[in-house]
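Here is a friendly walk through a protein model, meant to be read with the structure open beside you.

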Amino acid sequence: MKRTLALILAAIMILSITACGGGSKKVSAKDLATYRDISWEGTELTVKLGENKTTGCNWKNEFGDDSIIDYSINRKFTLSDGAAMQGLTAGVLSAGFEGKKAGTTTITFTTPCDWEGNTPGYTYVVTVEVAADGTIVNATGE
């Protein structure tokens with residue numbers, strides 16, 4: 001009985017630690033200016049970019065071919081705790097895209113200014129390969 005109870009408690013502790021620490025990676029406020037991350041699962045591509053709304057460093061994007069990949073409903077901005085403490089409205093933009101048909105294309109992200117609000121801004125190009133069923137095969141950014 002004691003052994004069973006100990007196993008149950010251990011399982012609960014492991015699950016609670018996983019729930020608290022798992023999932024999205026925290027990005028420190030000092031790393032936001034250079035933060036770029038790409039992930040995909042099935043037909044959904046997610047591009048995460050550091051964004052500073054205080055200075056106007058907001059990402060816009062254009063498609064090379066929107067018949068291969070297009071917007072999905074997944075798009076959110078997460079305010080960084082560290083940036084908020086510094087008086088900035090800065091955090092991570094998570095932009096979702098959905099594969100449509102077979103092919104390779106690009107998504108070009110640009111900002112009108114850099115992190116501090118000076119011109120020129122940033123450019124980040126994601127090259128995406130999509131299978132016939134819309135599944136994302138590969139994605140790289142530079």
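## Order of the elements

Starting at the N terminus, the elements follow one another as α-β-β-β-β-α-β-β-β-β. That gives 2 helices and 8 strands. Helices (H or I, at least four residues) and strands (E, at least two) are DSSP runs, numbered from the N terminus.

Please keep in mind that this is a predicted model, in which local features need pLDDT of at least 70 and side-chain atom pairs count only at pLDDT 80 or more, while totals for chains, interfaces and linings use all residues. Residues are numbered from 1 along each chain as its sequence is written, and side-chain values use heavy atoms, with hydrogens and water left out.

## The protein as a whole

Of the 142 residues in the protein, 32% count as buried. Buried means under 20% relative accessible area, exposed means over 50%, and partly exposed lies in between (1.4 Å probe, protein chains only). The protein exposes about 8,700 Å², and carbon and sulfur atoms supply 56% of that area. These areas come from the Shrake-Rupley method with a 1.4 Å probe; for residues, only the protein chains shown count as cover.

Contact here means heavy atoms within 4.5 Å.

Two strands pair if DSSP finds at least two bridges between them.

Strands β1 (residues 36–41) and β2 (residues 44–52) are antiparallel partners over 6 bridges, and they form a hairpin with 2 residues between them. In its turn, G42 has a positive phi of about 60°. L49 in β2 is the bridge partner of R36, and L49 is also the bridge partner of L93 in β5. The antiparallel pairing of β2 with β5 extends over 9 bridges.

Leaving aside neighbours within four places in sequence, E51 is in contact with residues including C57, W59, F77, L93 and W115.

## The sheet β3-β6-β7-β8

Another open sheet of 4 strands has the order β3-β6-β7-β8, with antiparallel pairing. Its edge strands, β3 (60–63) and β8 (136–141), each pair on one side only. The antiparallel strands β3 and β6 (residues 103–110) are joined by 4 bridges, and K60 stands opposite T110 in β6.

Strand β3 also holds N61 and E62. N61 is buried because its relative accessible area is 12%, whereas E62 is exposed because its relative accessible area is 60%. The side chains of N61 and Y71 are joined by a polar contact of 3.4 Å. A polar contact is a pair of N or O atoms within 3.5 Å; within protein, one must be able to donate a hydrogen and the other to accept it, and residues adjacent in sequence count only if both atoms are side-chain atoms. E62 and F109 are 47 residues apart in sequence, yet their C-alpha atoms are 6.7 Å apart in space.

## Nonpolar cores

Which residues touch the most other members of the largest nonpolar core? Of its 19 residues, they are L45, F97, F109 and V128. The elements giving two or more residues to this core are β2, β5 (90–99), β6, β7 (123–130) and β8, with the largest share, 4 residues, coming from β7. Apart from this core lies another of 11 residues, among them V27, L32, Y35 and V92. A nonpolar core is a set of buried Ala, Val, Leu, Ile, Met, Phe, Trp, Tyr and Cys residues joined through side-chain atoms within 4.5 Å.
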